[in-house]
2 protein chains.
Amino acid sequence: MIRLFVQVPLREGGDVPLEGDQSHYLIRVMRLGEGDEVRLFNGADGEWSARIVEAGKRGCRLRTEAMARPQSSAPDVELNVALVKRAPLETIVEKATELGVNCIRLLRTERTNPDHTNLERLAAIAREAAEQCGRLDVPQIHAAERLADRLAAWDGERALMFCDEAGDAQGAVAALLGKGPGPWAVLIGPEGGFTSAERSAIRSLAATTPVSLGPRILRADTAVIAALSVWQSVLGDGAGLEVGSALPQVRD
Amino acid sequence: MIRLFVQVPLREGGDVPLEGDQSHYLIRVMRLGEGDEVRLFNGADGEWSARIVEAGKRGCRLRTEAMARPQSSAPDVELNVALVKRAPLETIVEKATELGVNCIRLLRTERTNPDHTNLERLAAIAREAAEQCGRLDVPQIHAAERLADRLAAWDGERALMFCDEAGDAQGAVAALLGKGPGPWAVLIGPEGGFTSAERSAIRSLAATTPVSLGPRILRADTAVIAALSVWQSVLGDGAGLEVGSALPQVRD
């Protein structure tokens, strides 16, 4: 079933006009026509079944029928990630969306290159990934800010899973077991790693839990997926663990 | 430091001739010359520092100096993955190598397309990923075989983490905590999922532990990275958990 994210309120019997890419996709690419069903979501009103009631050259019109799934709240985890090159950054946005982050914050660090990010393109990638993976909202992508500014403004209520490749950090599952479920953020550095001053600043936040993702050097996009997968599997909606589970014995 | 996988024995003071792509990469792309140092590994003799002693138009010659890291044994986990399209399959090979699998087995299932796999190209991707991530071997990539044949020949000593998106499976961390460390295999289906007959056949193996990767629909490449990350973080070399840790309380 095709799912589309729309930016209008959804209610029974409502009219939803579609233009541009979304109409082109339904009518030209997927060759749907009047009477065909799709699903709509807007991040607030749940998922609705809707039928195409008019299909024209410049756009189409849908009518919502019934709510298929109510809006549900997802775990509150955000991704903080240093700017990397275009291709891995696009992979990161797609995969982080599939893995349920509620927003993505891009960071400039000592070892990141100048910011040539196309936020509109990244937002489109996030929207398509949300449509495909079944989630009921689309994560917002925030324009790049300096790591130092982000840390200075850190909300102490938000725990930080810091993926620290340069240190003595504990394995990620061991480090997360027994922690509370949220809100959380996951922090992944640039391809060249954080500087030691940056590492110190991150580790000096009271909210920080440093974790290791294992002995191999992971590319930034792999590290994002690995970290979010482990977080969701221990503290998020993929867990099936009782929140606050006792910590198993940990190797020193 | 540049690392290269070579297929010759490595010992102190040994001569290692390089031709073709590897020589081109060192001399033309990275602009190294006589006296410059690289690291070599062959999957058996550890990692060696080596210097370029001759750099010519058609190739170059290195001499090994000292062992930098002894060969170490990695956790025994293999990836069994249904054939998917070229781009995600290449991502899978790269990322599974980074995440430490010891081999990759490609599977034909009811919902996979005809096999147009270029094993040589996939092997080159695995080699490059191994060179970059710091591991001391390169995972072998086996030609595609039928899922049914693979299951019929299953080695009962090898536990199977079956990523089952269609069912009632337990969260992956909860399902793996308390299990023994190996040997293991991770099984990921095609984009369209396994058929219900295939699911039954997989779940009827005594070796199978079905696991869920969460409520969202993951693309095959995301699922591979998620599953292997969780496996390494619970049972592999990213764990830091005592093997056989007591299982925390599990939600029903």
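Modeller: Let us begin with burial, for which a cut-off is needed: a residue counts as buried when its relative accessible area is under 20%. Please keep in mind throughout that this is a predicted model.

Colleague: Is Val234(B) buried or exposed by that criterion?

Modeller: Val234(B) has a relative accessibility of 6%, and because the cut-off for buried is under 20%, Val234(B) counts as buried. Val234(B) belongs to helix α7 of chain B, which covers residues 220-234, and its C-alpha atom is separated by 16 Å from that of Val224(B), 10 residues away along the chain.

Colleague: How many residues of strand β6 of chain A are buried?

Modeller: For β6(A), residues 77-82, the count is 6 of 6. One side presents Val77(A), Leu79(A) and Val81(A), the other presents Glu78(A), Asn80(A) and Ala82(A), and both faces are covered.

Colleague: Which strands does β6(A) pair with?

Modeller: Pairing is read from bridges between strands, and here β6(A) is joined to β11(A), residues 184-188, by 5 bridges in a parallel arrangement, with Val81(A) standing opposite Ile188(A). To β7(A), residues 103-108, β6(A) is joined by 4 bridges, again in parallel, and there Leu79(A) has Ile104(A) as its bridge partner.

Colleague: What is the order of the strands in the open sheet of chain A?

Modeller: The 7 strands follow the order β8-β7-β6-β11-β9-β12-β10 in chain A, with parallel pairing. The edge strands, which pair on one side only, are β8 (140-146) and β10 (170-171) of chain A. Helix α6 of chain A, residues 196-203, packs on this sheet and touches β9, β11 and β12 of chain A, its direction making about 150 degrees with that of β9(A).

Colleague: How are two packed helices described in general, and what is the case in chain B?

Modeller: Two packed helices are described by the angle between their axes together with the distance between those axes. In chain B, the axes of α2(B), residues 86-98, and α7(B) come within 9 Å and cross at roughly 15 degrees. Angles under 35 degrees count as roughly parallel, and α2(B) and α7(B) are therefore roughly parallel to each other. The crossing of these two helices, α2(B) and α7(B), is right-handed, and their contacts include Thr91(B) and Ile92(B) from α2(B), and Val224(B) and Leu228(B) from α7(B).

Terms used
Residues are numbered from 1 along each chain as its sequence is written. Chains are lettered from A and ligands numbered from 1 in the order in which they are written. This is a predicted model: local features need pLDDT of at least 70, side-chain atom pairs count only at pLDDT 80 or more; totals for chains, interfaces and linings use all residues. Side-chain values use heavy atoms; hydrogens and water are left out. Buried means under 20% relative accessible area, exposed over 50%, partly exposed in between (1.4 Å probe, protein chains only). Two strands pair if DSSP finds at least two bridges between them. Contact means heavy atoms within 4.5 Å. Axes are lines fitted to C-alpha atoms, for helices over the stretch in contact, and angles run from 0 to 180 degrees between N-to-C directions. Angles under 35 degrees count as roughly parallel, over 145 as roughly antiparallel, 65 to 115 as roughly perpendicular and the rest as oblique. A crossing is left-handed if the near helix is turned anticlockwise from the far one by less than a right angle, and right-handed if clockwise.
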